[in-house]
Amino acid sequence: MIRNQEEDEFIAVRVQDPKIQNEGSWNSYVDFKIFLHTNSKAFTAKTSCVRRRYSEFVWLKKKLQKNAGLVPVPELPVKTPFFTLGDEDFIEKRRQGLQHFLDRVLHMTVFLSDSQLHLFLQTQLAPADIEACVQGHAHYTVTDAILGYASSNQGWAQEEEGRTQEPGLLPVPYEWAGSSEGGTPADDAPGRAEGGV
């Protein structure tokens with residue numbers, strides 16, 4: 001957990017619950033649940049739960065580096081060209097590496113204003129949809145996407161039902177009082193060079 005002593009703000013993020021998706025298929029991959037809880041003013045939703053795969057973390061790191069200029073972005077766990085989805089030790093090491101990455105990113109103030117980071121952590125939008133939203137090419141704003149996902153309860157429902165939101169689904173619009181979603185499956189396929197869990 002990251003705490004700002006002056007304002008007593010905190011950001012708690014947990015990477016947990018690795019799950020094999022499309023098991024037995026040529027495009028199987030492992031994704032991880034990312035649970036975020038915060039009282040930080042930097043975040044629109046104070047609690048969120050999404051699932052992300054390794055290739056989406058790679059995408060996020062590239063985007064953060066592009067936007068941060070000379071500020072170095074923390075490292076991700078090393079890509080492994082060949083692995084077995086059943087290798088629990090490898091998956092646990094990767095989970096720990098992704099946890100360390102997010103802990104370090106969220107500790108660096110320069111990244112807390114990055115809309116792509118917020119959409120990555122607080123919606124189930126695919127990387128291409130995140131880019132479209134940030135560039136203004138979507139019919140919803142960053143705030144609409146985050147609050148729509150939060151109000152739809154999709155992060156919690158996917159865990160209860162053991163499913164994830166279908167890629168490309170748009171968030172449910174959110175209205176508050178007083179006012180009127182990459183990588184390809186091949187990126188994470190087992191046994192492929194530069195793939196990963």
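These legends describe close-up views of one predicted protein model.

Local features are limited to pLDDT of at least 70 and side-chain atom pairs to pLDDT 80 or more, whereas totals for chains, interfaces and linings use all residues. Residues are numbered from 1 along each chain as its sequence is written, and side-chain values use heavy atoms, with hydrogens and water left out.

**View 1. The whole protein chain.** The chain has 6 helices and 4 strands. Its order along the sequence is β-β-β-β-α-α-α-α-α-α. Helices (H or I, at least four residues) and strands (E, at least two) are DSSP runs, numbered from the N terminus. Of the 197 residues, 46% are buried. Buried means under 20% relative accessible area, exposed means over 50%, and partly exposed lies in between (1.4 Å probe, protein chains only). The accessible surface comes to about 10200 Å², and carbon and sulfur atoms hold 51% of that area. Accessible areas come from the Shrake-Rupley method with a 1.4 Å probe; for residues, only the protein chains shown count as cover.

**View 2. The buried face of helix α4.** Helix α4 spans residues 127-134, and Pro127, Ile130 and Cys133 are buried in it. Down the axis of α4, these buried residues fall within an arc of 120 degrees, so they line one face of the helix. The arc is that of the directions from the helix axis to the C-beta atoms. An α-helix has 3.6 residues a turn, so residues three or four places apart point the same way. Cover for the buried residues of α4 includes β4 (47-53), α1 (54-68), α3 (115-122) and α5 (142-152). Gly136 follows α4 and has a positive phi, near 80 degrees.

**View 3. Helix α1 against helix α4.** The two helices pack at an angle of about 30 degrees, with their axes 11 Å apart. Axes are lines fitted to C-alpha atoms, for helices over the stretch in contact, and angles run from 0 to 180 degrees between N-to-C directions. α1 and α4 are therefore roughly parallel to each other. Angles under 35 degrees count as roughly parallel, over 145 as roughly antiparallel, 65 to 115 as roughly perpendicular, and the rest as oblique. From α1, Glu56, Trp59 and Lys63 meet Pro127, Ile130 and Glu131 of α4. By class, this contact has 3 nonpolar, no polar and 3 charged residues. Ala, Val, Leu, Ile, Met, Phe, Trp, Tyr, Cys and Pro count as nonpolar, Asp, Glu, Lys and Arg as charged, and the others, Gly among them, as polar.

**View 4. Val13 in strand β2.** Val13 sits in β2 (residues 9-21). Its relative accessibility is 1%, so Val13 counts as buried. Beyond neighbours within four places in sequence, Val13 is in contact (heavy atoms within 4.5 Å) with Ile34, Phe35, Leu36, Gln99, Leu102, Asp103 and Leu106. Val13 and His100 are 87 residues apart in sequence and 10.0 Å apart in space, C-alpha to C-alpha.

**View 5. Asp17 and Asn22, two positive phi angles**. Most residues other than glycine have a negative phi. Asp17, in strand β2, has a positive phi of about 50 degrees. Asp17 is partly exposed, at 29% relative accessible area. Asn22 lies in the loop between β2 and β3 (29-38). Its phi is also positive, about 55 degrees. Asn22 is partly exposed, at 41%.

**View 6. His118 in helix α3**. His118 counts as buried, at 6% relative accessibility. Beyond neighbours within four places in sequence, His118 is in contact with Ala42, Phe43, Leu112, Ser113, Thr123 and Ile146.
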